[in-house]
Amino acid sequence: MKLKTLYLTNNLCYVTGKKHTPKGIMVHSTGANNPRLNRYVGPDDGLLGPNPNNNHWNQPTPGGRKVCPHAFIGRLKDGSIATYQTLPWDMAGWHSGNGSLGSAQNANNTGYIGFEICEDGLTDPVYFSLVYREAVELSAYLCVLYDIRPAKPYLIDHSEGHQLGIASNHADVMHWFPRHGKSMDSFRADVSTEISKIPNRELLKAVTKISSKVPGGIDIVMWSGSNKEWKAKYVDTLLQKIANAWD
Ligand SMILES: [Zn+2]
């Protein structure tokens, strides 16, 4: 996972700024064929690339809708895959809509972090495997940060949220994952495996906490190597940045 941050500070959701305690994760996909992050995340930070239509979601009500997830996964300008965090994890997002249980019980109001995977034409196995992997790592990371179990009903997609009565009637992501041999059950199993590979959960929490307070921070990159490699690469980089910021 390559995690960057660009909060959608002009979005009405961010401006409203309601706090929540993260208790679950809802996986979404965008429902439109546009794998580029700059369709949704902006302005251009040099990596995203410009949005010529200026229709990204850093505006009060994108397309006239009250929508704002916590993150997007998709392609950067150079074609590589990244995750952009667009809301603080502890701020309530606008991603679920309402289900049969009504507004007070919907996922937005009950502590679900919601992220969107940018869809392509849904048939490319290479793009799918890359964004699926990114989503697994993001979910594992969030499960560790907030002690969320990678199980139903804590880690679900939008369509399962609808079945549970806590989200509107959308098909994502189960209209897409099965085309590539995956389901939300296999996703949860993959997230569980990823969590078990995380060598030191407290260290990951500490790095996350400090990184957001250090000028320039570091990209939170996942730990698929050994504990020693991860520490050398990221913790030492962070330590250097703290030292440099310390006058
Ligand atoms: Zn959705």
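**The β3–β4 hairpin**

How many residues lie between β3 and β4 in their hairpin? There are five, and Gly-79 in the turn has a positive phi of about 95°. Helices (H or I, at least four residues) and strands (E, at least two) are DSSP runs, numbered from the N terminus.

A quick word on what you are looking at: this is a predicted model, in which local features need pLDDT of at least 70, side-chain atom pairs count only at pLDDT 80 or more, and totals for chains, interfaces and linings use all residues. Residues are numbered from 1 along each chain as its sequence is written.

**Strand β4 and its partners**

Strands count as paired if DSSP finds at least two bridges between them. β4 pairs with β3 (residues 71-75) in the antiparallel sense over five bridges, with Ala-71 opposite Gln-85. β4 also pairs with β1 (residues 2-5), here in the parallel sense over three bridges; Gln-85 is the bridge partner of Thr-5.

Strand β4 (residues 81-85) is largely enclosed by the rest of the structure, because four of its five residues are buried (20 or more other C-beta atoms within 10 Å of a residue's own, C-beta atoms being placed from the backbone).

**Where the two domains meet**

The domain assignment, automatic or from a database, gives domain 1 (2-197) and domain 2 (200-247). Their C-alpha centres lie 24 Å apart. Seven residues of domain 1 are in contact with eight of domain 2, contact meaning C-beta atoms, placed from the backbone, within 7 Å.

On the domain 1 side, β1 and α2 (125-146) are the elements that give two or more residues. The largest share, four residues, comes from α2.

Terms used. A residue is buried if 20 or more other C-beta atoms lie within 10 Å of its own, exposed if 12 or fewer, and partly exposed in between; C-beta atoms are placed from the backbone. Two residues are in contact if their C-beta atoms, placed from the backbone, lie within 7 Å.
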